[in-house]
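Subject: Structure for you to look at

Hello,

Here is the structure I promised to pass on. Please open it and keep it in view while you read my notes below.

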Amino acid sequence: MKLSTGIIFCFLILGVSSQRWATFLKEAGQGAKDMWRAYSDMREANYKNSDKYFHARGNYDAAQRGPGGAWAAKVISDARESIPRITDLFKHGDSGHGLEDSKADQFANEWGRSGKDPNYFRPAGLPNKY
């Protein structure tokens, strides 16, 4: 049921042609994996001031997959930035807590999705593994 809903969504709402819907879904799945890999690497690295780099890298890698990957990166990034804002509202009221960081994260997300080099955000000393 979920697969058919996704196919109909892509076909009707996103305007994906009938020949490209399978490609779009494949790219979206691969893009989601790229985003997960960047998140996992960020958690593993646990390196100060590296989150913008991993945001940009995940979005960059996903967008390189094609339109489906770019779409997945945008949906995941937007959801990721919206959820903390909601929880911050409950924790801190309407204080703007975290708003600046969220804006900076979204800037890094858009930077990566646009095809710009994510290393712009790479902090000095981050291991080459990442």
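The lining of the largest pocket divides into eight nonpolar, five polar and two charged residues. Keep in mind that this is a predicted model. The pocket has a volume of about 250 Å³. Its lining counts 15 residues. Met35, Tyr39, His55, Ile76 and Arg80 are the ones that lie nearest the centre.

Which helices supply the lining of the largest pocket? α2 (21-45), α3 and α4 (67-92) each give at least two residues. The largest share comes from α2, with six residues.

Next, the core. In soluble globular proteins, nonpolar side chains tend to be buried together. Here the largest nonpolar core has nine residues. They are Ala45, Tyr53, Phe54, Ala56, Ala108, Trp111, Phe121, Leu126 and Tyr130. α3 gives the most, with three residues.

Take a look at Trp111, one of the core residues. Setting aside residues up to four places away in sequence, Trp111 touches Lys116, Asp117, Pro118, Tyr120 and Phe121. Phe121 belongs to the core too.

Last, find Gln106 in helix α5. Is Gln106 buried or exposed? Its relative accessibility is 18%, so Gln106 counts as buried; the cut-off is under 20%. Beyond its neighbours within four places in sequence, Gln106 is in contact with Ser77, Asp78 and Glu81.

Best wishes

Definitions and conventions
Residues are numbered from 1 along each chain as its sequence is written. This is a predicted model: local features need pLDDT of at least 70, side-chain atom pairs count only at pLDDT 80 or more; totals for chains, interfaces and linings use all residues. Side-chain values use heavy atoms; hydrogens and water are left out. A nonpolar core is a set of buried Ala, Val, Leu, Ile, Met, Phe, Trp, Tyr and Cys residues joined through side-chain atoms within 4.5 Å. Buried means under 20% relative accessible area, exposed over 50%, partly exposed in between (1.4 Å probe, protein chains only). Helices (H or I, at least four residues) and strands (E, at least two) are DSSP runs, numbered from the N terminus. Contact means heavy atoms within 4.5 Å. On a 1 Å grid over the protein atoms alone, a cavity is a set of points where a 1.4 Å probe fits but cannot get out, and a pocket is an open set with protein on both sides within 12 Å along at least five of seven lines; lining residues have an atom within 4 Å of a point. Grid points are joined across faces, edges and corners, and a volume is the space filled by probe spheres set on the points. Ala, Val, Leu, Ile, Met, Phe, Trp, Tyr, Cys and Pro count as nonpolar, Asp, Glu, Lys and Arg as charged, and the others, Gly among them, as polar.
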